[in-house]
Amino acid sequence: IIFLIFYSNYNPNRLRTSGTENISIEVIVKSSDFEGYPFWNVVKQGVETASADFQITSTVIGPFSETQIDLQIAMIQEAIKRKPNAIVLAAADYKRLTPIADEIWDAGIPLITIDSFIDSNKPLARIGTDNFSAGKLAGDALTNLIGPGKSLAIISFVKETSSQINRESGAREHLSDNEHILGT
């Protein structure tokens, strides 16, 4: 989907290529631990396959851990200096990566976010799960498993990513009427 956006001239005013030169795309994920995080390995494999199919030059990089936000920001700043035709980003923090979107935009580089988003309207596209609805579905499934009126705690994952924020909000909205939530 990401590469088709560029081939269909999604936003020709932002795309800096004539169509005859090599297109380069920097994909910056939350973790480069592709063995420890199979999801990011699947993303990497998809980027590599699409790059070969469309004859695009791409790189997939990221900090080793999803909690290394400062390192991810530094990687994005280095990517901006390389002036790729686009940056695809899975943001490790919803708020802290917002200013970097302005830097990408100011450099004239199209930005697409995947999986976890940022608090910005700068990305040309957002590709990911409706995490609020997923959280509501999880809350509903939990209620069906344990029954209404039970006390429970929410066990989450990396805090301050849009995925975590929205999934927990969806679960809390569904659970608030039926269960006592002890905390996260």
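Me: What does Ile87 touch, not counting residues up to four places away in sequence?

Reply: Ile87 touches Glu26, Ile28, Ala79, Ile80, Ile104, Ile109, Pro110, Leu111 and Ile112, with residues up to four places away in sequence not counted, where contact means heavy atoms within 4.5 Å. This is a predicted model, in which local features need pLDDT of at least 70 and side-chain atom pairs count only at pLDDT 80 or more, while totals for chains, interfaces and linings use all residues. Residues are numbered from 1 along each chain as its sequence is written, and side-chain values use heavy atoms, with hydrogens and water left out.

Me: What makes up the largest nonpolar core, and which residues have the most contacts inside it?

Reply: A nonpolar core is a set of buried Ala, Val, Leu, Ile, Met, Phe, Trp, Tyr and Cys residues joined through side-chain atoms within 4.5 Å. The largest one has 18 residues, and those with the most contacts inside it are Ile76, Ile80, Ile87, Leu89, Leu97, Ile104 and Leu111. Two or more residues each come from helix H3 (69–82), strand S3 (86–89) and helix H4 (98–106), these elements being DSSP runs numbered from the N terminus (helices: H or I, at least four residues; strands: E, at least two). H3 gives the largest share, 5 residues.

Me: How do you know how H3 and H4 lie to each other?

Reply: Their axes come within 10 Å and cross at roughly 5°, the axes being lines fitted to C-alpha atoms, for helices over the stretch in contact, with angles from 0 to 180 degrees between N-to-C directions. Angles under 35 degrees count as roughly parallel, over 145 as roughly antiparallel, 65 to 115 as roughly perpendicular and the rest as oblique; H3 and H4 are therefore roughly parallel to each other. In this contact, Ile73, Ile76, Gln77 and Ile80 of H3 meet Ile100, Glu103 and Ile104 of H4.

Me: What is the length of H6 set against, from its first C-alpha to its last?

Reply: The expected span of a helix is 1.5 Å times one less than its number of residues. Helix H6 (residues 162–175) has 14 residues and reaches 20 Å, close to the 20 Å expected.

Methods: Buried means under 20% relative accessible area, exposed over 50%, partly exposed in between (1.4 Å probe, protein chains only).
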